Amino acid sequence: MSTFSFDSSLSAEANIERFYAHLSTLDANFAALLKNNLSTMLPLSDSSQIRGTRRVAFNRAIMAALEKSEATLGDEPA
Amino acid sequence: MIRYYLVRVRIEGFRGINNSSDPLDLRFKSDAVNSIFGPNGLGKSSIYDALSYAIRGCISKLDDLPHAEDASSYYCNRFHATGSSTIHLTFEPDDGGSNVEIRVMRSATGDRSVDSPTGYSAPEELLQTLNSDFVLLDQNAFLRFVEESPLQRGRTFSGLLGLAKLSEYRQVLQTLSHRRNLNTDFDISTLESQLASARRQRDVALAQARSHFKSLTGKELIVPLDPHVTLGEAEKSLANIELLKSHLATKRLPDVDFKEVHECMRAAEKSDLRDELVLLSQAYSTCVALKATSEEAVDQEALRNLLIKKNTLLEHTHGSLLPPVYQSTLRVLESADWDERLCPACETLREVPLSPEIKARQSAYQLVSECQQEIGLKWKSSVWVTRLKSVEASAELTIANDDQCFHRLDTVFCSGTANVADLDDAIARLKAVDVLLKARIQQITKRKEEIEKLLPPSLVTLSQQIHHAEQLVEQIQQYVAQDVNESTISAQLAKRKKWIEFVEKAFSVFSEAEVALSTNKALAIESEYQQMYAEITTNPAVVPKLQRASGTEDLHLRLEQFYGLTDVSATTLLQESYRNALALAIFLSTALRSTQ
C-alpha cells in the first residue's frame, strides 16, 4: 500500500474524500462500509457513556454487514 | 473569496447596554487596527458579548454557568423598556461592493432572528462564515491554550489550523480501532473459544470413527475423512452377512434402521442374553467415550493460570463499591460546567485533570471483568469440564443428584467468583468419578465376556459388527456436523478479523497523514510567532516553540531558549503575562496565516 498524505491546499472534506479513495485501494467494500457508517459516531461532544453506546451500535452495524455476502458490503448504509 | 470588514456596530438593550431608542453606535476603520478603551463598567465587555451573540448565537461564559443561574435571561438588558435586544452589524466587502448590514434581534422570550436591512440574501450564513476559532478570542481562550493538557491543546491547535474536522475524524478512528473494544464488540474471544470447542469435538468424533472403522473392516481409516468412501467400505464389510442383506439391499448405511436390525437379531437368537449384550456394548461405548483425554491437564493448567491472573488483577482494585463512584465522578468531570481538576467528592483542586486517573482505575476493574469472562469461556469450552458434567449425569454411574457437584461449580465459574480452590475441587471430583468410571468399565467388560462365552461365536461377532457400524454412522454424522460448524465459525472470525485489521490500518494511515500535515502547518508559522513573541516581550533570551509529539495529537509548549537553557517547559517557567503573550502570538500568527 502506497503512502498517503493530506493535501494542505484542499479542504478537510476534500482530504477526507481522498482518504476514503486511498482506503478503497486496500478494500473498496470496507472503505464504503466505514464511510457510510462513520457519521453515526458523531458528535464527539457527548459524554463518554453515550459515545461508548454509539461505538457498540456502530460495531454491531458492521457485524451485521459482514454477515452479508462480500459483494453487497458497502452498497448501502448498514 | 470575499472578506468582510466590520465597520460599524449599533447595540441596544443587550447585556450592560440599555440605550433604549438610542443605540450605542461604534464605527471602525477597515484599514487599521481598531481598539476600544474606557473606564470599568462602561460596556466594553458587553460589546464583545454582542458580537459573540451575533456571530455564534450564544455567549459561552453565560452558557457555562450552572443551570440554576438561569443565564439565558441575562442576555437582554434587564432595564430596557421592551426587554428585547437589537444588534446591527455593518460589513464592508473587500471586492468594492456595497456595505452589508445585518440585524440580529433577541426577543424578551429569548427567540433569535436575523435579517438584512440592506437586502443581503443570506445574512445568517454570512455570520456563520465568520465563526472560526480565531475570531472572538478572549483572555480565557489564551489561558486555556496554555494551561490545558497537551492532548486538548493539540486539538485546539488543530482547530486554529483549520484541521478540526480531521482531528475529529482521527478521534473517531482511534475509538473504532481500539483493540480491546474491538475484541469485545466483535465477540472475538467467544468465537475463538467456540472454534476450539468445535475442532475438539470434531477430533473426538474422528478418533471414535477411526476405532469403530478399524474394528468393523480391519482397515485404517483414510484421513481426511470422506464420509461417502468410508461408509462404502463399511457397507462392503457388512454385505455378506445374511441377516443384514435385506436391510442393506436398497439403503445406504446411514438410512438403516438399527432398531429394526436389533429386533431381527433378537428374533433369530431368541435370547435375553442377546439383548443384554447389546445393552452392555452400548454401555461400554458410552463409558469409554467418557474416559480422560491427554489434553485435559493442559486445559486445567490454563484455567489455573487465568484464576491466578484474576487474583493478581484484583489486587489493583479496591472493592465492589467504587466502580459506580468512578462512573459518577467521570460524568461530573465531563460535564461542561465542571473544572476537570476539581475532585467532585472532596472539592480539592488538583494540579492535573482527574479524568485520566479515574479512567485508569476503571480500566483496572475492566481488566478483572475481562479476565472473569475469559475464565467463564475457558470453563465452558474445556473438554474435561464437559466430561465432568457428562460423567456425573451418566446413567451408567447412577450418581445421586445430591452428590453431583458440576452445577454448583458451573454457577461459580460462570458468575466470575471462582478461585483456585474451586478448580482444585473440580479436578478432585473428576478424579473421583474417573475411579467410578473405571470400575464400571471393568464390570461391563467382565459381564460381556461371560455372555460372549455363553452365546454362539458367530452371533457375538455379528452383534459387535452391528454395534461398530451403528457407532461409525453416528460418529461420522457428528464429525460432519462439527466440520460444518468449524467452517462457519472460521469464516465468521476471519471476516471480523479482516475488518479489525482494516480499521486499524485506516487509523494508522489517517493518523500519520494528519500528524504530518499539522506538523508542517505548525512549522510554517514558527518564525512568525517566535518573532511576534519577541516583539511583544522585547526579550530575545526567551524563544518559544510548539512541539507535536510523534504519532499522537499531543502538542507541547516548549521554550527553545530560556536564558541559556534549551528545550524547557513554557507552561511551568513563564509568568502569566508572558504566557498570555505567547498564546496571543500563536493565535495571531495562525490567524494571519489563515487569511493569506
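1. Let me start with B:Arg387, which counts as buried at 5% relative accessibility. Please keep in mind that this is a predicted model. The partner of B:Arg387 is B:Glu296, and the closest N and O atoms of their salt bridge are 2.4 Å apart. This pair links distant parts of the chain: B:Arg387 belongs to helix 16 of chain B and B:Glu296 to helix 13 (residues 296-314) of chain B, 91 residues apart. B:Glu296 is buried as well, with a relative accessible area of 7%.

2. B:Glu514 is buried, with a relative accessible area of 0%, and B:Arg548 counts as buried at 16%. The cut-off used for "buried" is under 20% relative accessible area.

3. Salt bridges that share partners also build a network, joining B:Arg199, B:Arg202, B:Asp203, B:Asp483 and B:Glu486.

4. Over all chains, the search of the whole structure gives 42 salt bridges.

5. Now to the aromatic residues. The whole structure has 20 aromatic pairs over all chains. One of them is the stacked pair of B:Tyr169 and B:Phe510, with 6.3 Å from centre to centre and 20° between the planes. These two come from distant parts of the chain: B:Tyr169 lies in helix 6 (residues 164-176) of chain B and B:Phe510 in helix 19 of chain B, 341 residues apart. Both B:Tyr169 and B:Phe510 are buried.

6. If you display both chains, you can follow this pair into an aromatic cluster. Its members are A:Phe4, A:Phe6, A:Phe19 and A:Tyr20 from chain A, together with B:Tyr169 and B:Phe510 from chain B.

7. Two rings in chain B have a charged side chain over them. The charged end of B:Arg106 sits over the ring of B:Tyr75, 4.1 Å from its centre. B:Lys448 lies over the face of B:Tyr284, and there the distance to the ring centre is 4.7 Å.

8. Finally, a word on the second largest pocket, which holds about 740 Å³ of space. Its lining has 30 residues, and those closest to the pocket centre are B:Gln201, B:Val204, B:Ala289, B:Val383 and B:Thr386. Five helices of chain B each supply at least two lining residues: helix 8 (188-217), helix 12 (272-289), helix 15 (355-381), helix 16 (383-393) and helix 19 (457-537). Helix 8 gives the most, with ten residues.

9. What is the make-up of the lining of that pocket: how many residues are nonpolar, polar and charged? The lining of the second largest pocket divides into 16 polar residues, nine nonpolar and five charged.

Key: Residues are numbered from 1 along each chain as its sequence is written. Chains are lettered from A and ligands numbered from 1 in the order in which they are written. This is a predicted model: local features need pLDDT of at least 70, side-chain atom pairs count only at pLDDT 80 or more; totals for chains, interfaces and linings use all residues. Side-chain values use heavy atoms; hydrogens and water are left out. On a 1 Å grid over the protein atoms alone, a cavity is a set of points where a 1.4 Å probe fits but cannot get out, and a pocket is an open set with protein on both sides within 12 Å along at least five of seven lines; lining residues have an atom within 4 Å of a point. Grid points are joined across faces, edges and corners, and a volume is the space filled by probe spheres set on the points. Helices (H or I, at least four residues) and strands (E, at least two) are DSSP runs, numbered from the N terminus. Ala, Val, Leu, Ile, Met, Phe, Trp, Tyr, Cys and Pro count as nonpolar, Asp, Glu, Lys and Arg as charged, and the others, Gly among them, as polar. Rings of Phe, Tyr and Trp (its six-membered ring) pair if their centres lie within 6.5 Å; planes under 30 degrees apart count as stacked, over 60 as edge-to-face and the rest as tilted. Buried means under 20% relative accessible area, exposed over 50%, partly exposed in between (1.4 Å probe, protein chains only). A charge sits over a ring if NZ of Lys or CZ of Arg is within 6 Å of the ring centre and within 35 degrees of the ring normal. A salt bridge is a side-chain nitrogen of Lys or Arg within 4 Å of a carboxyl oxygen of Asp or Glu.
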